[in-house]
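Dear colleague,

Please find below the structure that I am handing over to you. I would be grateful if you would look through it alongside the notes in this message.

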Amino acid sequence: HYFIQSNLRNLPGMAFSESDMADLRSSLALHGQDHLLAFWNELSGAQKRHLYKDIKSIDFDSHLACFDRCMQKESSMPGVEEDLKPLPSDAFESVLDSDINNERWKKLGLKEISDGRVALLLMAGGQGTRLGVSYPKGMYKVGLQSGKSLYQLQAERVRQQEKLAAEMYGTSKAIRWYIMTSEHTKSGTTDYFKANNWFGLCKENIIFFEQEMIPCISLGGKIIMDSDHSIARAPGGNGDLYRAMGNEGILKDMLDHNIRSVHCYCVDNILVKIPDPLFIGCCLERNSDCGAKVVSKSHPTEAVGVICKSNGNWKVVEYSEISSETAHMTGPNGKLLFSQGNICNHYFTTDFLSQVINENEKELIHHVAKKKIPTISSSGEKIIPESINGIKMEKFVFDVFQFSKSFTVLEVARYDEFSPLKNGPGAEKCSPKTCLEDLSNLHKRWIRNVSGSLENENEILEISPLVSADGENLEDIAANKTIILPQHIDVPVKNGYHNGHSNGLYSKL
């Protein structure tokens, strides 16, 4: 593995002269940011060096221009999107109505994997704060019998797809896995993979890189201080992916390794199929440069972004931007016209990513998130504000849909592919408990699909991704047999890495 970063604030000690300081003060005065040096004379040498680097890492012209555009957009944005159009039928595919294309698409996708032309792009910059933990969300364990984390489940799915591609085509090259971390998750994530021996994957094919931390700005346009010698920063959103890929050599690495198909996803979906050969094959057959998986909205006003066309461009429109009347509109078949809920599961060609990174990225406009941002008082004391005092500027990964020339939307079953971990224990939705149950229910359906039966059905069933990634290879284990729950179906132990008995079954009663 290797780790790529370009953050000036993390560079070795930087010396600066009186002339350097004069230039810095002049620049700050020009941009109305003199307050950043308010405590300069009270700082130690190390603190001065830290603050100097922190300030010098900011492109004030660009950053403050972004702030102005964001605020102008915020003040002029209508409450409801105008010129909203549902997805045209020629851009839409579904696995729900028919499976006639599924096997063909899977074979195309597995061939792409076998040829070494598939990469994964994981957005893993979030901490587990809302889950009640301080470590990266991908390290979270929802309570499976195996004790596996989200990261381990995903790593084992990668291994299984490599194995399936090799079985079908005689050989398979490795899947490269690019993981975008943040300042908060960088060291924890890399240390976790290393401590777990890369979960059986080749470490050279796991590439970590870091998203940008953007200075927070007050509602009056002043950069917010986190302490007397540091600036308050926040991640630039998952849409910072494209800037980071360009700046940190990720796109170049993909092209150097002859990658064509990139499957991009978020870390917190416990049901995510990665890489999904069916999705990849569907997009390849349709010659799409960009694609997105969707699930049908559970009800017209569900709080989820919807993929549609707006002003002639592909777009994800937030639920708050759609009127109730529009949300309830139905077509001739009685189905909702605006029902394609975005689940942050996307396909890109490297040609498309090259276009976005080299030509379109600077056109993306940050979105505004008004927040209560901790800061300091005029005397340098820490303040936790009681009301909104500033904004965080974010880009979203789906903002690039507008640049696609051949877009595909693939509808999948929510209960098969989407169960995000957003909230901590005890929450009603998107909690460790609901994720655990959704994964168990998926595995129970796999057993029933091969004419197996279950005893103690209310208990948990876990099937290792190394046994089956999508319900395959279960006939010998479960066909016309009864599986007694709770049960963990795993592969035999090898080199102490896997749990399980030699017959492939492990039960924790």
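The notes that follow go through the findings by region. Please bear in mind that this is a predicted model.

Ser-404 and its surroundings

Ser-404 belongs to the loop that runs between β20 (390-394) and β21 (407-411). Its relative accessible area is 10%, under the 20% limit, and therefore Ser-404 counts as buried. The side chain of Ser-404 reaches the backbone nitrogen of Phe-407, at 3.4 Å. Apart from neighbours within four places in sequence, the contacts of Ser-404 are Asp-289, Cys-290, Trp-314 and Phe-352.

Aromatic pairs

Twelve aromatic pairs are present in the structure. In one of them, the ring centres of Phe-193 and Phe-199 are 5.3 Å apart and the planes stand at 80 degrees, so this pair is edge-to-face. Both partners are buried: Phe-193 has a relative accessibility of 0%, and Phe-199 has a relative accessible area of 0%. Trp-314 and Phe-407 are both buried.

Ring pairs also join Tyr-151, Trp-177, Tyr-192, Phe-193, Phe-199 and Phe-208 into a cluster.

Charges over rings

Lys-309 lies over the face of Trp-314, 4.5 Å from the ring centre. The charged end of Lys-111 sits over the ring of Tyr-169, at 5.9 Å from its centre.

Helices α4 and α9

Helix α4 (residues 102-114) and helix α9 (residues 277-285) have axes that come within 6 Å and cross at roughly 95 degrees.

Helix α9 is mostly covered, with seven of its nine residues buried. Among them are Leu-278, Phe-279 and Cys-283. At the N-terminal end, α9 is capped by Asp-276, which has a side-chain oxygen 3.1 Å from the backbone nitrogen of Leu-278. After α9 comes Asn-287, with a positive phi near 55 degrees.

Backbone features

The peptide bond from Ile-274 to Pro-275 is cis, and its omega is near -25 degrees. Pro-275 is in the loop between β12 (261-266) and α9. Leu-485 and Pro-486 are likewise joined by a cis peptide bond, with omega about 0 degrees. Pro-486 is in the loop between β24 (482-484) and β25 (487-489).

Trp-198 is not a glycine, yet its phi is positive, at about 60 degrees. Trp-198 is found in the loop between α6 (186-195) and β6 (206-210) and is buried, with a relative accessible area of 9%. Cys-430, again not a glycine, has a positive phi of about 50 degrees. Cys-430 lies in the loop between α12 (414-417) and α13 (432-449). With a relative accessible area of 26%, Cys-430 is partly exposed.

With kind regards

Technical notes: Residues numbered from 1 in each chain as written. Predicted model: local features only at pLDDT ≥ 70, side-chain atom pairs only at ≥ 80, totals over all residues. Heavy atoms only, no water. Helix = DSSP H or I, 4+ residues; strand = E, 2+ residues; numbered from the N terminus. Buried < 20%, exposed > 50% of the residue type's maximum accessible area, 1.4 Å probe, protein only. Polar contact = N/O pair within 3.5 Å; in protein donor to acceptor, adjacent residues only side chain to side chain. Contact = heavy atoms within 4.5 Å. Phe/Tyr/Trp six-rings, centres within 6.5 Å; stacked < 30°, edge-to-face > 60°. Lys NZ or Arg CZ within 6 Å of the ring centre and 35° of its normal. Axes fitted to C-alpha atoms, helices over the stretch in contact; angles between N-to-C directions.
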